Amino acid sequence: MRDPVTLATGITYDRTSIERWLFDAAHHATCPVTQRKLAPEDREATPNHTLRRLIQAWCALHEVERFPTPRAPVDACRVAALVDEARGAGRRQELAALREIKAIAAESDRNKRCVETTPGAVDFLVSVVRHHCATASSASRSAQDLLELSLDSPTSTSPPEEDALSVIYSLKPSKKSLLRILERNNGDFLDTLLHVLRRPSYRSRACAILLLKAMVSVMEPARLMTVRADVVQEVVRVVSDRVSAKAVKAALHVLCRLCPWGRNRVKAVEAGAMTVLVELLLDEGSRHSAELAVVAIDHLCG
């Protein structure tokens, strides 16, 4: 153990291990030893300072490299403070808040859950994506704009909207969070994703298609039937361009989800999906991608 913590059940675990158990995608809600169900407020572990000092003393006695005292975990108050600082502030403060939230989310599954559940945090990330996609595209952004961005965010090589998209996806938002994002501003977030999918950056397109896959999985059939033809076209283009193996699989999942509803089958065929899927079957070495392509073709043949 490097950072021993104790649950409400009295059992001590290493922080990284127990947080992975409690906050990963499976959302376990029990103590692994006692199998007791844990209420949300009981999932915050308490540092076991006595055991940590004993471990560090043992390391010193046996000439084992000592590890540094762990940092205190980030709480919702810190995330909320970052969001508040960014609201109504200038570009520099907004980008600084985005960088810190990105770093916080990257540290652990617990931090990801903390960011997602902090009121206003996901809305802030969505607003960054919408604002920067609306103000400039990668093709039209001037050299002066790019210079200002590099000065404002010297440690990041990605545009802000791309960073914000990657953070949103990394949070693995719950169904409730995804539906809230879709319902904001009259549901225009799909248009924002469409804007990103049209960009030349493969990384931006990969982030967008992965998030789109999560969103269509929670959309009601009535909403799926109204998806625009140009969204379907860009999904097909992700497969055609082989953006990445993960992005292609996500795009195939999106096609399989969309095609049974409304005129989406027609939209996909008009976008050239049949040709692209057949070429994928001929070229693709991944069994999973090939199976998804076959399912998608079956939907198209309807």
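Start by selecting helices α10 (189–197), α11 (202–216), α14 (245–258), α15 (264–270) and α16 (273–283), which are among the elements covering the buried residues of α13. Here a contact means heavy atoms within 4.5 Å, and helices (H or I, at least four residues) and strands (E, at least two) are DSSP runs numbered from the N terminus. You are looking at a predicted model, where local features need pLDDT of at least 70, side-chain atom pairs count only at pLDDT 80 or more, and totals for chains, interfaces and linings use all residues. Residues are numbered from 1 along each chain as its sequence is written, and side-chain values use heavy atoms, with hydrogens and water left out.

Now select α13 itself, residues 229–241. Its 13 residues reach 18 Å from first C-alpha to last, close to the 18 Å expected at 1.5 Å a residue (the expected span is 1.5 Å times one less than the number of residues). Colour D230, V231, V232, E234, V235, V236, V238 and V239, and you have buried residues of this helix. Buried means under 20% relative accessible area, exposed over 50%, and partly exposed in between (1.4 Å probe, protein chains only). Just after α13, click R242, whose phi is positive at about 50 degrees.

Next, visit two loops. Q35 sits between α1 and β3 (46–47), with a positive phi near 65 degrees. Because its relative accessibility is 51%, Q35 counts as exposed. Move on to E63, in the loop between α2 (49–61) and α3 (76–86). Its phi is near 55 degrees, also a positive value in a residue other than glycine, and E63 counts as exposed because its relative accessibility is 75%.
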